[in-house]
Amino acid sequence: TRLSMREYHQNLQEIVIPRHRKSDPDALLDQHEARQLRGVLGSLQWLVAQIRFDMSFGVSTLQGESPPTIKTLMRANALVREFKRDPHFELIFRPVDYRSAGIVAISDAALGNVKLNGSNEGAVTEKVYSQACYFILLADQNLLSGKQGSFNIIDARSHRIPRVCRSTY
């Protein structure tokens with residue numbers, strides 16, 4: 001079984017940013033721009049929650065940026081373009097015998113890849129918070145026994161974790 005959201009990808013729209021606003025990327029958003037940003041990020045989050053787990057880091061970091069600026073809008077537009085580059089992305093669900101299958105959890109975290117405000121922009125010494133992710137899989141017997149096998153993604157998430165790490169710098 002294949003699951004795609006081609007039409008949803010194709011219907012994503014960038015936020016129109018007037019030239020005079022682009023000239024000051026560090027300017028805070030006005031109410032209208034903030035509402036537009038929330039709308040675009042909500043649309044991208046819906047795709048991430050459904051099938052585009054691969055894009056969750058970018059969406060998560062933009063959602064966490066506080067306060068959002070014109071630069072945030074420009075990065076959101078770049079992310080919309082990235083989503084639209086692959087509108088044919090699909091999840092493929094392979095047959096897995098539920099009677100012998102098992103649940104597998106995979107997690108990972110990067111060391112110091114986001115700042116306190118959620119942004120992944122800036123110097124290494126400013127990025128002391130970590131982004132983590134996990135995948136929950138329904139795996140066949142081969143995969144469970146350490147061999148090459150099949151699995152289906154049940155859930156996935158990328159999120160910032162509250163841990164701060166400065167010691168390795």
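Q: What are helices and strands here?
A: Helices (H or I, at least four residues) and strands (E, at least two) are DSSP runs, numbered from the N terminus. This is a predicted model, where local features need pLDDT of at least 70, side-chain atom pairs count only at pLDDT 80 or more, and totals for chains, interfaces and linings use all residues. Residues are numbered from 1 along each chain as its sequence is written, and side-chain values use heavy atoms, with hydrogens and water left out.

Q: Where is the place of Gly122?
A: Gly122 sits in the loop between β3 (102-109) and β4 (129-139).

Q: How many helices and strands are there in the protein?
A: The protein has six helices and five strands. From the N terminus on, they run β-α-α-α-α-α-β-β-β-α-β.

Q: What do buried, exposed and partly exposed mean?
A: Buried means under 20% relative accessible area, exposed over 50%, and partly exposed in between (1.4 Å probe, protein chains only). Gly122 counts as partly exposed because its relative accessibility is 46%. Thr72, at 0%, counts as buried. Of the protein's 169 residues, 38% count as buried.

Q: Why is helix α4 largely enclosed by the rest of the structure?
A: Helix α4 covers residues 56-64, and seven of its nine residues are buried, so the rest of the structure largely encloses it. Among the buried ones are Val59 and Leu62.

Q: Which residues does Thr72 touch, not counting residues up to four places away in sequence?
A: Contact means heavy atoms within 4.5 Å. Thr72 lies in helix α5 (residues 70-85). With residues up to four places away in sequence not counted, Thr72 touches Leu37, Leu62 and Glu65. Leu62 is also one of the buried residues of α4.
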